[in-house]
Amino acid sequence: MEISGLPVELWRLILSYLRLPDLGRCSLVCRAWYELILSLDNTRWRQLCLGCIECRHPNWPNQPDVEPQSWREAFKQHYVASKTWTKNAQDFESSNCFYLFRRKKDRHVLRVGQGCEFDTLRAALASAGVYDRIVLLPGVYEEQSEIILKVPVEIMGQGKLGDVALLVSIDQHCPTTRLCNVVFMPAWFTPVVYKTTSGHVQFDNCNFENGQLQIHAPGTCQVKFCTFNQSSVHFHSVALGVLENCEFTGSENASVTVEGIPSSERNWACKHLTTLAKSHCVLQASDPALCNVSKWGGWGGPPARNIRTCKIMVGGDQSNLHPASKTQLVLEKAGEKEAEVNGRLYPAKEGEAMTLETESSDSELSTSSENEDDDWSMYKLSYRAHGLSHMLSQVIHSRPQTSGLTALQKDLELKTLQQELQRDKEAQSLASSLQGCLIRKCLFRDGKGGVFVCSQGRAKLEGSVFRELTYAVRCIQNSKIIMLKNDIHHCKASGIFLRLAAGGLIADNNIHSNCEAGVDIRKGANPLILCNKIHSGLRSGIVVLGNGKGIIRSNQIYGNKEAGIYILYNGNPIVSGNHIFQGLAAGIAVNENGRGQIIENVIRENQWGGVDIRRGGDPVLRSNLICFGYSDGVVVGERGKGLIEGNTIYGNKGCGVWIMSSSLPHITNNRIGHNSIYGVAVFCRKDDAIDYLANQGGNENFNDEGEAASWENDLDSEDERFTSRRPISVALVESNSINHNGAAGLYVKSSEALNIIANAIHANHDSGVAVLQSSQLTRIANNSISCNSLGGVLIESEARVELRGNGIYDNSSHGITSKGDGVIVENDIVGNRGCGLQLLQTADMKVTKNRIQSFWDYGIVMLDQTKGLVQENLIFQGRSKKTILQQVSNAEDCIVQNNKLLTFKSKSDVAWTLENPPARPHIEGSTRGTSTATNSQKVTTMSTRIAARMDGGCRNNGSIFCSIL
């Protein structure tokens with residue numbers, strides 16, 4: 001029959017009355033008929049799917065209001081799945097006979113109920129043959145003793161779900177069976193409503209009330225469109241069991257328990273379940289419902305807070321960057337040099353000079369040419385080719401955009417799950433593995449626990465929703481769990497717990513709004529956590545402690561009330577490639593002997609420190625972008641340690657790096673720029689001020705489920721240290737570029753020794769280095785300190801300082817101002833707008849072998865009661881006609897001798913240069929190094945949150961809310 005004989009609309013109306021077999025026959029006529037049958041998707045196929053008593057809406061229970069992409073395909077998948085229980089004919093000796101018998105249309109149907117041939121289920125089972133169907137009429141059927149199921153049968157309730165109730169306990173001893181459209185309730189003598197120890201059981205569209213379903217190896221099960229109300233499923237060493245489109249509510253313990261390593265003994269159904277499971281893998285599915293799991297602010301909905309994004313620009317020449325750092329990046333191009341005087345390096349021109357080996361008088365100095373003022377730049381000393389000039393070349397050509405959100409060139413884009421799986425074979429193997437229990441598109445709500453995996457159990461969770469539970473997933477005792485595209489939210493404790501060497505893959509989940517941590521890892525657990533959204537938690541996003549490990553990669557962690565990632569008590573994860581932003585506390589906190597490798601993350605716009613390290617915390621913090629925080633970039637608090645290397649710390653409203661002097665960090669090869677207060681600040685006092693209330697601090701409930709607080713006894717004996725780190729005994733700040741910060745580049749008020757080596761400190765809006773207090777020696781060596789808005793180096797009266805081998809150039813005030821004690825040896829102090837070196841009050845300095853030129857003022861000035869030794873310095877005359885050296889101090893201990901003073905003669909043939917040695921600093925090889933630190937003593941007290949008070953603008957003695965947890 002030609003389709004063109006009638007309008008398509010009439011054909012569709014006619015075909016909508018056909019039964020399923022007739023639709024199948026019509027689709028085989030020709031291609032035109034096949035396409036016509038397919039066009040009935042939203043009409044007849046939808047009616048067939050929803051009219052079947054064996055199934056429910058394809059997206060039930062998570063999104064019953066979202067239609068599938070194809071009703072026909074959904075009906076086909078359910079129809080094929082519903083026949084799994086019949087595929088075991090080859091297991092019988094007379095398999096061909098059973099296969100033919102199964103297909104016969106006159107298969108027996110036994111009816112149970114009032115007026116039927118059987119009054120009880122037990123009587124019907126006694127008369128049933130293989131693959132017979134037992135239909136239960138509406139009513140309640142109660143058995144007083146356990147039923148032993150010996151032959152494969154199908155038990156089906158008639159009418160709507162709820163019309164037929166079974167109060168039974170069934171023990172299956174046959175290879176296969178199926179139960180459909182029945183409500184199960186426990187008998188008076190046991191809570192177990194159904195148990196199988198060897199065969200396969202299939203449940204479709206059933207309810208379980210207050211009972212248990214038990215599956216023991218080598219038994220298997222397939223449960224679909226079922227509701228478990230205050231009921232649970234227990235898997236014991238099962239090779240494979242499937243729970244699909246089920247709802248679990250009101251559980252008093254775990255809704256699903258998976259226990260024991262999957263058995264190597266497999267029954268006939270395993271291969272069919274494996275094929276069925278792989279055909280619906282969420283990683284291959286294109287169903288949009290998988291990307292929008294929950295109406296509770298899940299995949300498709302907006303997050304709890306508005307997210308400000310930071311556009312990622314990829315590209316640019318990074319050939320000059322240090323190979324260890326991918327985030328030492330040049331800011332968005334600004335081809336012009338900076339216009340500000342305090343940020344400009346002037347071109348050097350050599351002038352003529354003559355040497356004078358004896359002290360000169362004012363009259364002798366006045367013999368300079370009258371044309372000197374017109375050509376003053378000719379005798380400006382050149383210093384640009386010093387050992388750190390390559391660092392300055394990367395700073396000087398950068399200018400932030402006026403919006404303050406400069407697009408940084410970076411390759412720190414978040415990777416997708418597909419990209420991660422392509423590059424990580426272990427993750428790919430985990431994602432494709434299928435053992436134990438498969439839970440797909442289920443809903444767990446309003447109960448104590450969701451899924452509990454223990455004793456080397458295996459479970460895989462895909463596309464499910466966990467909400468309003470005490471906890472969603474708990475995995476312990478060498479078990480493994482694979483979680484893909486689940487939604488976990490509003491749990492009363494943490495969302496996911498991993499303990500006791502548990503592992504697995506947690507990928508592409510939406511974990512949010514939980515009362516404790518989104519993911520809690522401890523006691524040797526070592527999961528792989530990839531590409532998740534972990535946000536809006538009432539505590540931390542991820543907690544790693546108690547020798548917990550794990551790889552945390554390519555996640556978005558944002559909007560949590562406490563640290564995005566919190567590492568403590570010997571937690572030692574690898575944290576890389578994550579975006580951690582807009583947290584209400586620190587981005588990452590490493591506390592109480594926590595460790596870890598924190599590499600190539602974007603940590604931005606957090607309320608407190610981007611990274612907070614204290615109380616024995618000893619991480620490796622490398623190649624991260626830490627930017628636009630509302631407080632400090634990195635905080636190293638009391639007894640903090642760690643290697644902080646190759647990071648870009650940019651645009652934070654507090655300090656770039658805030659350090660307490662009792663800490664022992666190694667800070668090297670970082671870019672620290674455009675922060676609102678100091679670039680690097682070191683303070684001696686403890687974090688004074690406010691102990692927050694207990695429920696606000698870092699006293700997270702780490703003692704869950706009866707675990708003893710003295711879990712430290714379970715720590716591994718081996719200490720996996722970073723063998724490439726160089727041991728240090730004094731806090732070390734080396735080889736950093738510290739530029740354009742709102743106050744001093746480096747501010748020191750310390751009670752401990754400090755080494756400041758080979759840094760480029762440039763164009764900061766206060767002094768380059770300010771040492772206000774240093775009861776032990778602060779060593780400042782081989783640094784370039786240039787173009788700062790005030791002086792190059794300021795040393796107050798309570799400071800002990802060694803300045804050696806530095807280049808101090810073109811600062812807007814004095815090169816060095818000192819009121820303290822120490823030595824100033826072999827520095828180049830050139831081109832500063834104030835004096836080259838100014839000694840005030842009771843300064844006691846040994847000043848030797850320096851080269852000094854003050855372009856606008858005296859070379860060296862000694863005032864008040866200064867004392868010390870000034871000898872063997874080479875002092876060049878600047879543009880000023882003032883005396884090169886001014887000595888006002890009357891102290892007997894003030895000795896000035898054997899200095900060489902050079903004055904300018906315009907017609908001389910001798911040009912001034914910094915040579916033998918060339919301009920300082922001199923950097924021989926690489927000063928970059930790695931460090932290690934010894935393990936701190938065991939800490940048993942829980943941490944409390946401490947904050948530092950802000951007193952008096954940017955020149956305070958602490959951080960803006962710098963501390964956490």
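1. Is E516 buried or exposed in this predicted model? E516 has a relative accessible area of 16%. Because buried means under 20% relative accessible area, E516 counts as buried.

2. The partner of E516 is R539, and the two residues form a salt bridge in which the closest N and O atoms are 3.7 Å apart. R539 lies in the loop between β32 (533-535) and β33 (542-545), whereas E516 lies in the loop between β29 (510-512) and β30 (519-522). The pair therefore ties together parts that are 23 residues apart in sequence. R539 also counts as buried, at 11% relative accessibility.

3. Another of them joins R522 to D520, with the closest N and O atoms 2.8 Å apart. Both R522 and D520 are buried.

4. The salt bridge of R423 with E420 has its closest N and O atoms 3.1 Å apart. Both residues lie in helix α11 (residues 417-423), where they are three residues apart, about one turn of the helix. R423 is partly exposed, with a relative accessible area of 47%, whereas E420 is buried, with a relative accessible area of 0%.

5. Salt bridges may also join into a network. One such network links R133, E154, R178 and D204.

6. The aromatic side chains deserve a separate comment. A pair of aromatic rings is described by the distance of the centres and the angle of the planes. The count for this structure comes to 16 aromatic pairs. In one of them, the rings of Y678 and Y747 have their centres 4.2 Å apart and their planes at 25°. Planes under 30 degrees apart count as stacked, so the pair of Y678 and Y747 is stacked.

7. Where do Y678 and Y747 lie in the chain? Y678 is in the loop between β50 (671-673) and β51 (680-683), while Y747 is in strand β55 (residues 746-750). The pair links distant parts of the chain, 69 residues apart. Y678 counts as buried at 1% relative accessibility, and Y747 is buried as well, with a relative accessible area of 5%.

8. Y747 also forms an aromatic pair with F683. The centres of these two rings are 5.5 Å apart, with 40° between the planes, and the pair is tilted. F683 lies in strand β51 and Y747 in strand β55, so the pair ties together parts that are 64 residues apart in sequence. F683 is buried, with a relative accessible area of 1%.

9. Which residues form one aromatic cluster? The members are F184, Y194, F203, F208, F228, F248, F444 and F466.

10. R604 lies over the face of F581, and the distance to the ring centre is 4.4 Å.

Conventions: Residues are numbered from 1 along each chain as its sequence is written. This is a predicted model: local features need pLDDT of at least 70, side-chain atom pairs count only at pLDDT 80 or more; totals for chains, interfaces and linings use all residues. Side-chain values use heavy atoms; hydrogens and water are left out. A salt bridge is a side-chain nitrogen of Lys or Arg within 4 Å of a carboxyl oxygen of Asp or Glu. Helices (H or I, at least four residues) and strands (E, at least two) are DSSP runs, numbered from the N terminus. Buried means under 20% relative accessible area, exposed over 50%, partly exposed in between (1.4 Å probe, protein chains only). Rings of Phe, Tyr and Trp (its six-membered ring) pair if their centres lie within 6.5 Å; planes under 30 degrees apart count as stacked, over 60 as edge-to-face and the rest as tilted. A charge sits over a ring if NZ of Lys or CZ of Arg is within 6 Å of the ring centre and within 35 degrees of the ring normal.
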